[in-house]
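User: I'd like a close look at how one part of this model is put together. Take your time and walk me through it in plain words.

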Amino acid sequence: MNAALTVEQLLPALDQTHLDWLEEEAIFILRETVAAFERPALLFSGGKDSCVVLRLAEKAFKTRGADGGFKGRLPFPLLHVDTGHNFPEVIEFRDRRVAEMGERLVVGHLEDSIRRGTVRLSHPLESRNGHQTVALLEAIEEYRFDVLLGGARRDEEKARAKERIFSHRDGFGQWQPKEQRPELWTLFNTRIKPGEHMRAFPISNWTELDVWLYLARENIPLPSLYFAHDRQVIRRKGLLVPLTAVTPPESGEQVETAQVRFRTVGDMTCTCPVESPAANATEIVAETLKVTVSERGATRMDDRTSDASMERRKKEGYF
Amino acid sequence: MSAPLSAPAVQDHRALRFLTAGSVDDGKSTLIGRLLYDSRAILADQLDTLEKRAAGASIDLSLLTDGLEAEREQGITIDVAYRYFATRQRKFIIADAPGHEQYTRNMVTAAAGSDAAVVLVDITKIDVHAKPVALLPQTRRHALLAHLLRVPSIVFAVNKLDAVDDPQLAFNTVRNALQAFAEQAGIAVAGIIPVSALRGDNVTQPLDAAWYQRPSLLQLLESLPASQERKDGDLLIPVQYVAREGEGTGNQPRTLWGRIAHGQVKAGDTVHLFPSGQQAVVALVRVAGSEVESAAAGQSAGVVLDRQLDVSRGDWIATPGTVHETTRFSATLAWLDTEPAVIGRKYWVRHGNRWVQARIASIESRLDIHTLGPIDAHELAVNEIGHVVIETQQPLPVEAYGANRVGGSLIIVDPASNRTSGALLVQGPVAA
């Protein structure tokens, strides 16, 4: 009688009505952000979570025309931190979507930070993921953003389980886990001092499954990397490392072609695909229902170094 | 594998938010770990980490819930953490309130907005042969606090059934004691469930015992109502965001967005605006980007009025004749800041979407945290709860917290530190 229930018994039978409730909550948080702050921006990487937040923002701030399309413009620009090591498919997708929607895009380039000397790489092929923080904080300062909307979710990682919906960052952009403000009802405390800013997370209460269900239901465009494709990869420490100019094979390693899809899209030096034949969002939902490896664990090389690596990066001002 | 779970009649597919309250060693972390583990919300790489730490011994499910490095160093959880799992019937959000340090602060945070509270009772700590049977102080405290915060459903999970000689006798005795206590305190109990979080008995799988036929903890949670504000009667909307269609000229009709606190709104309704006192007729109603016939409590509605009025964030839209404003009201105050409450000092308070200056005019009493009875006191320090009188610089349309959470709740913010210092639950207006 102590046997665990099977996946089929326990996961919701694709009942999507709870998505309406999650959508309502997210739209509420988006409007709260725009109403309570003067200079918001939406972090948009082309990743699936930011694509969901972007669609929710359209629902929060635009009106539907007779053709079902959204009319109007978002009350904030989109902000992307480009490490210079992004997958080209993702950059192409980002620029195409921004043009289609007629939105404003601000890009913070890590290359600029390297040129300024505020980022120093210890070697040219070093992962640039951790250094994104510097470029992000420089963009916040340059454009004087006082709040950044992001697609982080509490189910992603243990350090995020205690993250607030409105999360305070001090004058150095740092997160102080012990100084978090209690968050009561929907009476968000959005008061900050000059030079400080906040991060707002409208999809805090969504899980990876919710995100895929919503992507499928709303037919939200995504970069092609998210769906099954053939790619040259290297098998390394249980991960499939994509072959790119910045992730060459080490001596003795074999390059092979596999049918893969990405579950997250980040810096090329630290983002790995999983083997999968899932060609669209619905097939991914079916796969997600059976998944046994959590999202960041299967696909992020940088998180594997330490159980606490996310918390350290968050304290430094990471997303 | 046993038969599939029975399907309770869940009308509302909103997620159920519940908090878990328990003290150190009550097995709360193990219970949450069990819910996540049995519902397969624990993923392989997280288990991998646990196995590494277990170093050959059996996996400690309680380790699944301590998140931050700072806490692991101290071996305690210091902040409310949110966990997610789903069954065929429902999505669940657990607000896990640690039970010792900063206890009241965490529990108040977790309880605000929760639909249910699961209070853990460690059966091994109770002398079931004593007459009368004495419940532990923390059990009373947890239940009373959840009741004070009007958490709609309160559930007792009687844990560690695996560790007593006669579980039937022990459970029945403790159940009777809990029922007597709840009756005396005026707490409506949604369920008293025997469990063994360690073995998994009666958590997700029904208990296989002749003396207990009622639901497992999970079955009960699946059937509890998600709290809802009333959809009938008078309308109340706090204006959250005022949007102009298009940009620039300022002459376009404006949409007043806000989540409906109670009642519903449709085109043709006459509404009163607070604080201006003006009236207008609703021209159309929107939800998300689309025009709708009507919207009801819990939904964010966009209201377009038939005339141009000066309406801002923080204003209220209401049925005419139903708004009662006051600048002085009594309330229960849960103090959350390490700096004690100071009578007469100006603080910021947020009511609905409006920030106003306010001060604590008087502290009438402090609540005994074990009985919630009043103690004569005129100070409030961190983690203390008291009865206070609040004065605001501008009138607010407050409602009793027991009648409506939106109109009856406020937060207090320290203007120097911007910390959220207190949570106010309104009782009602008082004369100056």
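What distance separates the centres of domain 1 of chain A and domain 2 of chain A, taken over C-alpha atoms?

Analyst: Keep in mind that this is a predicted model. Taken over C-alpha atoms, the centres of domain 1 and domain 2 of chain A are separated by 23 Å. At the contact between them, domain 1 of chain A puts in 23 residues and domain 2 of chain A puts in 20 residues. On the domain 1 side, the elements giving two or more residues are helix H4 (88–101), helix H7 (208–218) and helix H10 (309–315) of chain A. H7(A) gives the largest share of that side, with six residues. Sort the residues on this side of domain 1 of chain A by class and you get nine nonpolar, eight polar and six charged.

As for where the bounds fall, domain 1 of chain A comes in two pieces, 15–221 + 309–315, while domain 2 of chain A covers 224–303.

Now for a helix in chain A, H6. Helix H6 of chain A runs over residues 132–143, and its 12 residues reach 17 Å from the first C-alpha to the last, close to the 16 Å expected at 1.5 Å a residue. Nine of the 12 residues of H6(A) are buried, so the helix is largely enclosed by the rest of the structure. The buried ones are Gln132(A), Thr133(A), Val134(A), Ala135(A), Leu136(A), Leu137(A), Glu138(A), Ala139(A) and Ile140(A). Their cover includes strand E4 (78–82), strand E5 (105–109), helix H5 (110–116) and strand E8 (197–200) of chain A.

Chain B is split into domain 1 (16–223), domain 2 (236–318) and domain 3 (326–429). Between domain 1 and domain 3 of chain B, 12 residues of the former touch 12 residues of the latter. On the domain 1 side, helix H4 (103–111) and helix H5 (137–148) of chain B each bring at least two residues, and H5(B) has the largest share, five residues. By class, this side of domain 1 of chain B holds six nonpolar, two polar and four charged residues.

Chain B also has an open sheet of six strands, in the order E2-E3-E1-E4-E5-E6, with mixed pairing. Strand E2 (81–86) and strand E6 (189–194) of chain B sit at the edges with a single partner strand each, so one side of each has no neighbour in the sheet. From one strand to the next, the twist averages 25°. The partner of E2(B) is strand E3 (residues 91–97) of chain B; the two run antiparallel and are joined by six bridges. Within that pair, Phe85(B) faces Phe92(B) in E3(B). Packed on this sheet is helix H1 (residues 28–38) of chain B, which touches strand E1 (16–21), E2, E3, strand E4 (116–122) and strand E5 (153–159) of chain B, with its direction at about 35° to that of E2(B).

For chain B as a whole, there are eight helices and 23 strands. Of its 432 residues, 50% count as buried. Among contacts in chain B between residues at least 6 apart in sequence, 70% join residues at least 24 apart.

Note on methods
Residues numbered from 1 in each chain as written. Chains lettered and ligands numbered in written order. Predicted model: local features only at pLDDT ≥ 70, side-chain atom pairs only at ≥ 80, totals over all residues. Helix = DSSP H or I, 4+ residues; strand = E, 2+ residues; numbered from the N terminus. Expected span 1.5 Å × (residues − 1). Buried ≥ 20, exposed ≤ 12 C-beta atoms within 10 Å, placed from the backbone. Contact = placed C-beta atoms within 7 Å. Domains from an automatic or database assignment. Nonpolar A, V, L, I, M, F, W, Y, C, P; charged D, E, K, R; others polar. Pairing = 2+ DSSP bridges. Axes fitted to C-alpha atoms, helices over the stretch in contact; angles between N-to-C directions.
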